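Hello,

The structure we talked about is below. My notes on side-chain contacts follow it.

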Amino acid sequence: MKIGILCYPTYGGSGIVATELGMALADKGYEVHFISSALPARLDITNPNIFFHKVNVQTYPLFQYQPYDIALSSMIYRVVNLYKLDLLHAHYAIPYAYAAFTAKQMLKEEGKDVPLVTTLHGTDITLVGQHPSYKHAVEFSINQSDTITSVSESLKKDTLQLFKITKEIQVITNFIDNTEFKKDSICQRNHFATKDEKILIHVSNLRPVKRVQDVLQIFKNVNTKIKSMLIIIGEGPDMEIVNEFLEDHPDLIGKVRLLGKVNDLYKILQLSDVFLLPSEQESFGLAALEAMAAETPVISSNAGGIPEVNIQGETGYLTEIGNVEAMSNYTIKLLSDESLLAQMKKNAKEQALRFDLKNILPIYEKMYADTLNRFKI
Ligand code: GMT
């Protein structure tokens with residue numbers, strides 16, 4: 001089967017899921033064509049079954065805004081035609097489902113068509129997709145998809161509440177390839193902390209929904225009771241909050257390490273003791289699952305789909321959004337009890353194994369086969 005994957009190329013969750021899925025499909029012999037504005041961050045382009053098609057936006061002095069969506073539709077149309085794709089899979093509704101629908105209409109004019117699967121990831125539904133500038137077009141393009149999937153039960157519920165959806169939504173949860181989390185690839189813990197220090201970690205694209213101010217406050221509270229340090233991985237607009245916090249707390253400067261975007265994320269996750277995810281919104285929380293695959297328990301909010309991944313008292317602890325005090329207390333409780341910490345690390349790994357790629361990939365493959373069968377009738 002030849003599949004076209006349309007996704008963001010950056011470190012955001014939807015692009016990571018799309019890339020990991022495409023690479024797993026390519027390993028199984030599918031021909032996978034990525035269509036995006038740049039080479040997706042984690043894509044192994046050396047795999048002979050993987051193709052990459054860059055969307056080129058032609059600039060013109062008249063354009064106030066670059067017409068990316070038109071260039072994207074044209075590229076989808078061209079790739080379907082040139083490589084005879086069997087199916088398109090859009091990750092994140094904006095603009096991918098919309099651009100794919102336009103490409104389908106162009107193909108129909110020539111008596112051709114191709115089925116479209118749209119996977120909803122989160123903020124395309126709960127945040128950006130709600131803006132009046134986008135809402136109608138998002139709803140329309142979701143309903144025009146031949147199959148709709150969402151990454152959690154919570155996101156499915158939100159989608160049905162927030163939009164008038166005329167089709168079934170199939171939940172296919174995010175997944176993790178546990179084979180990538182190999183013990184022998186651990187980097188040195190002493191590069192980051194002394195023997196008697198605990199390591200707290202946060203990974204995100206530092207947007208307001210991630211509530212990095214809570215991460216910093218939790219760390220500050222924990223540090224009064226437990227010798228610890230904080231690693232922050234990722235870049236984003238709220239890095240300014242981090243910088244201001246450090247200006248206000250010069251005593252903590254040496255205890256906060258800002259690593260920016262890193263490639264071998266799992267190596268650093270594996271040496272961490274607790275992962276902080278106090279998000280305001282989170283359709284699934286792939287970052288939490290990655291932490292668990294690295295045997296790191298999670299202290300999180302109970303936003304969106306996080307409770308489907310992080311299990312209270314088992315793989316970590318959850319509280320109401322913004323309850324920094326409770327999150328701090330849970331972190332202190334966990335870090336001051338070595339046997340509890342060891343048990344939760346074990347439980348976290350077991351939970352990650354439930355979401356292993358080998359369990360979820362066949363569900364995607366069946367969904368593709370069902371979509372094609374329905375389409376042929
Ligand atoms: O919020 C992000 O970090 C990026 C965003 C995306 O779509 O790129 O992530 C969303 O999709 C991820 C993969 O399905 C989910 O794990 C995240 O929970 C979700 N983020 C939000 O809902 C805020």
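**Salt bridges**

Lys198 is buried, because its relative accessibility is 15% (buried is under 20% relative accessible area, exposed over 50%, partly exposed in between; 1.4 Å probe, protein chains only). The model is predicted, with local features needing pLDDT of at least 70 and side-chain atom pairs counting only at pLDDT 80 or more, while totals for chains, interfaces and linings use all residues. Residues are numbered from 1 along each chain as its sequence is written, and side-chain values use heavy atoms, without hydrogens and water.

Lys198 meets Glu338 in a salt bridge, 2.6 Å from N to O (a side-chain nitrogen of Lys or Arg within 4 Å of a carboxyl oxygen of Asp or Glu). Lys198 is in strand 8 (residues 198–203) and Glu338 in helix 13 (residues 338–354), so the pair ties together parts 140 residues apart in sequence (helices, H or I, of at least four residues and strands, E, of at least two are DSSP runs, numbered from the N terminus).

Arg211 and Glu280 form another salt bridge, with their closest N and O atoms 3.1 Å apart. Glu280 belongs to the loop between strand 11 (274–277) and helix 10 (286–293) and Arg211 to the loop between strand 8 and helix 7 (212–225), so this pair ties together parts 69 residues apart in sequence. Arg211 is buried at 17% relative accessible area, whereas Glu280 is partly exposed at 37%.

One network of salt bridges with shared partners joins Lys104, Lys108, Asp113 and Asp146. Within it, Lys108 and Asp113 have their closest N and O atoms 3.8 Å apart. The search of the whole structure gives 19 salt bridges.

**Aromatic pairs**

The search of the whole structure gives nine aromatic pairs (ring centres of Phe, Tyr and Trp, the latter by its six-membered ring, within 6.5 Å; planes under 30 degrees apart are stacked, over 60 edge-to-face, the rest tilted). Tyr317 and Tyr330 are stacked, at 4.3 Å centre to centre and 5° between the planes. Tyr317 is in strand 13 (residues 316–319) and Tyr330 in helix 12 (residues 324–335), so the pair ties together parts 13 residues apart in sequence. Tyr317 is buried at 6% relative accessibility, and Tyr330 is partly exposed at 23%.

Tyr364 and Tyr368 are tilted, at 6.4 Å and 40°. Both are buried, and they are separated by about one helical turn because they are four residues apart in helix 14 (residues 357–376).

Regards
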